[in-house]
Amino acid sequence: MNLTRRNFILGAAVLVLGAGAFGAYQSLKWPQLKQRAAIGEAQAQSKVDTAELLKPPTLGERSLGAADAKVTIVEYASSTCPHCAKFYVDNFEALKKDYIDTGKVRFIFREFPLNDVDLAAFMLARCAPEDKYFPLIHIYFEQQQTWTKGNPRDELFKIAKLAGFTQESFDVCLKDEKIAKGLLENRDQAEKLGVESTPTFFINGEILRGAESIEEFRKLIDAALAA
C-alpha cells in the first residue's frame with residue numbers, strides 16, 4: 001500500500017477540521033483497487049485458509065447470527081461503495097430472514113475503507129455502542145446516495161446523532177488513532193486474503209466477488225449446508 005498509516009489517520013482528522021481542510025487533503029491519494037465489483041463480473045474463486053480468515057481483527061468482530069452456525073459468511077465492504085449498497089438493499093434482508101435469523105449462517109461484517117469518508121464512517125460505527133453498529137451500517141447503505149453528497153463532516157454528524165453522538169464525542173472519535181489503525185489493519189489483512197474489490201464475500205472460505213443475486217447466494221449457502 002502506498003498510503004502510510006500516518007496519512008490514513010490524518011484523512012479522518014480532516015473531517016473534524018471542516019470541509020476546507022478536507023478539500024486540501026485530496027492531494028493524498030488512496031491506492032487504487034482493481035475494478036472487479038461491477039454487477040455481472042462477480043465470480044466464485046479458490047478457497048482461502050479458513051483459520052486465517054476467521055482470526056478476529058484487532059478491533060474485535062462485528063457479527064450477526066449463531067456462533068456455531070454451519071456456514072460462516074465474511075463480507076468485506078466499503079460504506080461508500082455503490083455495489084455494497086446494492087447488495088444490502090437487494091439481498092441482505094432475505095439473507096438475514098432465511099439464513100442468519102434461522103441459525104444457519106453466521107454473518108461477519110468487516111470494514112474495507114476505500115477513502116477518507118469511508119474511514120470516518122467506519123470509525124464512528126466502531127465508536128458507537130456495539131448494539132448501534134449494524135443500525136449505523138444499515139443507514140450508510142440505505143441512505144448512501146444522500147449522505148455521501150455535500151459536506152462529509154455535516155452529513156456524518158447527522159447520522160452519528162441518531163446513535164447518540166454529541167459534537168464532542170463525534171470529534172473525539174475521529175481523532176482516535178487506535179481505531180483508525182485497527183481499520184487499516186483490517187484492510188491490510190483483507191488484501192493478504194485476496195480482497196481486491198468491494199464487496200468481497202467468503203462463504204465457508206470460498207471467495208465470491210461482487211454484488212451477486214440472492215439466488216447465487218442461496219445456491220452457494222445451500223451447497224455448504226448440505227456438505
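Start by selecting leucine 193 and showing whatever touches it. Setting aside neighbours within four places in sequence, leucine 193 is in contact with Val48, Glu52, Leu53, Tyr76, Phe202 and Ile207. Keep in mind as you click around that this is a predicted model.

Where along the chain are you? Leucine 193 has its place in the loop between α10 and β5 (200-203). Is leucine 193 buried or exposed? Its relative accessible area is 9%, and the cut-off for buried is under 20%, so leucine 193 counts as buried.

Next, colour two helices: α5 (residues 116-127) and α10 (residues 177-192). They pack at an angle of about 115 degrees, and their axes are 10 Å apart. That makes α5 and α10 roughly perpendicular to each other. As for handedness, α5 passes α10 in a right-handed crossing. To see who makes the contact, show the side chains of Leu119, Phe122, Met123, Arg126 and Cys127 on α5, then Ile179, Ala180, Leu183 and Asn186 on α10.

One aromatic cluster is formed by Phe87, Tyr88, Phe92, Phe107, Phe109, Phe122, Tyr133, Phe134, Phe141, Phe201 and Phe217. Select the lot and have a look at the rings.

How many aromatic pairs does the structure hold? The count is 14. Zoom in on phenylalanine 87 and phenylalanine 217: their ring centres are 5.2 Å apart and their planes are at 45 degrees, so this pair is tilted. Phenylalanine 87 belongs to helix α4 (residues 82-100) and phenylalanine 217 to helix α11 (residues 214-226), so the pair ties together parts that are 130 residues apart in sequence. Both phenylalanine 87 and phenylalanine 217 are buried.

Stay with the rings a moment and pick tyrosine 133, another member of the cluster.

Finally, zoom out and switch to cartoon view. The chain's secondary structure comes to 11 helices and 6 strands. Of the 227 residues in the chain, 51% are buried. And among contacts in the chain with a separation of 6 or more, 76% are between residues 24 or more positions apart.

Technical notes:
Residues numbered from 1 in each chain as written. Predicted model: local features only at pLDDT ≥ 70, side-chain atom pairs only at ≥ 80, totals over all residues. Heavy atoms only, no water. Phe/Tyr/Trp six-rings, centres within 6.5 Å; stacked < 30°, edge-to-face > 60°. Helix = DSSP H or I, 4+ residues; strand = E, 2+ residues; numbered from the N terminus. Buried < 20%, exposed > 50% of the residue type's maximum accessible area, 1.4 Å probe, protein only. Axes fitted to C-alpha atoms, helices over the stretch in contact; angles between N-to-C directions. Parallel < 35°, antiparallel > 145°, perpendicular 65-115°, else oblique. Left-handed = near helix turned anticlockwise from the far one by under 90°. Contact = heavy atoms within 4.5 Å.
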